[in-house]
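Me: I am new to this structure and would like to learn how to read it feature by feature. Could you take me through it slowly, giving the general idea before each case?

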Amino acid sequence: MVVAGSGIIGASIAYHLAKSGASVTVIDKLGPASHASRGTFAWLNATWAKQPQHYHALNQEGVSQWKILQQSLNLPLRWGGSLEWFESGARQQKLVGQIAQQAGWGERARMVDADEMIRLEPKLNFHGAQQAAFSENDGAIDPVLTTQCLLDAAIEMGAKVQFPSELTDVSYKTGRLAGIHTSSGNIAADKLVLATGAAADVAKCIAHVDIPQRSTPGIIAITRPMPRLLNRIVIAPGIHMHQRDDGRVVLGEQGGPPQNEAHAIRLAGRPNAFPDRALAAQHAARMLAVATRFVRGISGATIDQVHIGWRPMPLDGHPVLGPSPTRPDVYLAIMHSGVTLAPIVGQLACDELITGTPIERLEPFRPGRNFELVKRY
Ligand SMILES: Cc1cc2nc3c(=O)[nH]c(=O)nc-3n(C[C@H](O)[C@H](O)[C@H](O)COP(=O)(O)OP(=O)(O)OC[C@H]3O[C@@H](n4cnc5c(N)ncnc54)[C@H](O)[C@@H]3O)c2cc1C
């Protein structure tokens, strides 16, 4: 089998396939975690935005599976939960209802008061907010190191990893997949997994299925290591933050880019980096200024990396998982929240690929469904 794409999804599928004894080759047109899995905030969660309940449940399984994988692979994951609140009173009120629903769905989530907020995050200034949602189960990972760990483990179990190697075409013999064509040569394959993220044209050309996506960009800025400032994932008004075990603080911007012509031109080619260091520094400084409103001691941070990530986002916000309706030997695995979902998706995709038996709870996520625009956040 060949897995095209060595982001966190392709790496997890390859890991599970190799663990099941399958012969697997992973290819990537650039290299491991070079796209969304690098420019991601990497929050592991099953929060209120994960709707409806069957999708929420899949995310809960993702979080649980990370805890199991962490033990067997010694992964760079950090737990401690998340704290989230809003500035608007009406939005806070809505959050209370959303958290009650979460608790009803088995999530360890509850509203906490101002005293507990300070106890949980002593270095934060909540600017008078009186309550926040505390989701105890959440964590965050270093997505680049984790992707590499999964690939290394797959290699140890016999998988091959090849890059730069761009999937360009497939060949068929008597109606079955026989091999794939890449920029670095041909590879024999009876099954192909497309874990190619936001590259929507790949599904169209190779799997002959149109997955409508509304991929949106987000900026991630990462500081040099700092003394401990944050214990948990903090979803504050205007900024998302967490601090890794190595001391680096990860900042994620909440809003998208301004809707103007200059940005439309700059973003047309879906860049993963800024055109120059000055522009990258300017965007990171803006994010750091927002973080400084909330975190005492972060203002002197040195920014080490700034990424532009493009979310692989099927129109309805849900994963696309399963064989192409027209080319059943080509299996698609394209999704947002892929960092949370990677371990469970890796396991379920592997089971379907190896046994050929469809897993019923994946039915809502099949590539042949009708896609309708749903915006949840
Ligand atoms: C700003 C931002 C914040 C996010 N925050 C979170 C979060 O907090 N929690 C969460 O769970 N998720 C989050 N996500 C989503 C998550 O990062 C993605 O769902 C996940 O990284 C997708 O992984 P992937 O492996 O499918 O895609 P990618 O990491 O994009 O990997 C796809 C790979 O396919 C390769 N490829 C493409 N075309 C070809 C080809 N023709 N041949 C060979 N290789 C090819 C690319 O080079 C790439 O390496 C966020 C995303 C962004 C952008």
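Me: Which residue is the bridge partner of Ile220 in β17?

Reply: Strands here are DSSP runs of E with at least two residues, helices are runs of H or I with at least four, and both are numbered from the N terminus; two strands pair if DSSP finds at least two bridges between them. In this case the partner of Ile220 in β17 is Gly252, and β14 is joined to β17 (residues 249-253) by three bridges, the two strands running antiparallel. This is a predicted model, in which local features need pLDDT of at least 70 and side-chain atom pairs count only at pLDDT 80 or more, while totals for chains, interfaces and linings use all residues. Residues are numbered from 1 along each chain as its sequence is written.

Me: What other strand is joined to β14, and is β14 mostly covered or exposed?

Reply: β14 is also joined to β18, by seven bridges in the antiparallel sense, and there Ile219 has Ile308 as its bridge partner. For burial, one counts the other C-beta atoms, placed from the backbone, within 10 Å of a residue's own: 20 or more make it buried, 12 or fewer exposed, and anything in between partly exposed. By that count β14 is mostly covered, with five of its seven residues buried.

Me: Which way do the residues of β15 point?

Reply: In a regular strand the side chains alternate between the two faces of the sheet. In β15 (residues 233-236), Ile233 and Ile235 point one way and Val234 and Ala236 the other, and all are buried. The strand β5 (residues 82-84) runs parallel to β15 and is joined to it by three bridges, with Glu84 partnered by Ile235. On β16 (residues 239-243), Ile239 stands opposite Ala236, and β15 and β16 form a hairpin with two residues between them, where Gly238 in the turn has a positive phi of about 90°.

Me: Why is one side of β9 and of β19 left without a neighbour in the sheet?

Reply: An open sheet of mixed pairing is formed by six strands in the order β9-β2-β1-β13-β20-β19. β9 (160-162) and β19 (320-323) stand at its edges and each has a single partner strand, so one side of each has no neighbour in the sheet. For β19, the antiparallel pairing with β20 (residues 330-334) extends over four bridges, and Val320 stands opposite Ile334.

Me: Which elements supply the shell around the ligand?

Reply: A residue is near a molecule if its C-beta atom, placed from the backbone, lies within 6 Å of it. Here 41 residues surround the ligand, and the closest are Gly7, Gly197, Gly218, Gly309 and Gly338. At least two residues of the shell come from each of α1 (8-19), β14 (217-223), β18 (303-310) and α9 (338-355).

Me: How many residues of the shell are nonpolar, polar and charged?

Reply: In this grouping Ala, Val, Leu, Ile, Met, Phe, Trp, Tyr, Cys and Pro count as nonpolar, Asp, Glu, Lys and Arg as charged, and the others, Gly among them, as polar. The shell has 19 nonpolar, 18 polar and four charged residues.

Me: From which domains does the shell draw residues?

Reply: Domain bounds come from an automatic or database domain assignment. The shell takes at least three residues from each of domain 1 (2-61 + 143-214 + 314-365) and domain 2 (80-138 + 215-310), whose centres, taken over C-alpha atoms, are separated by 28 Å.
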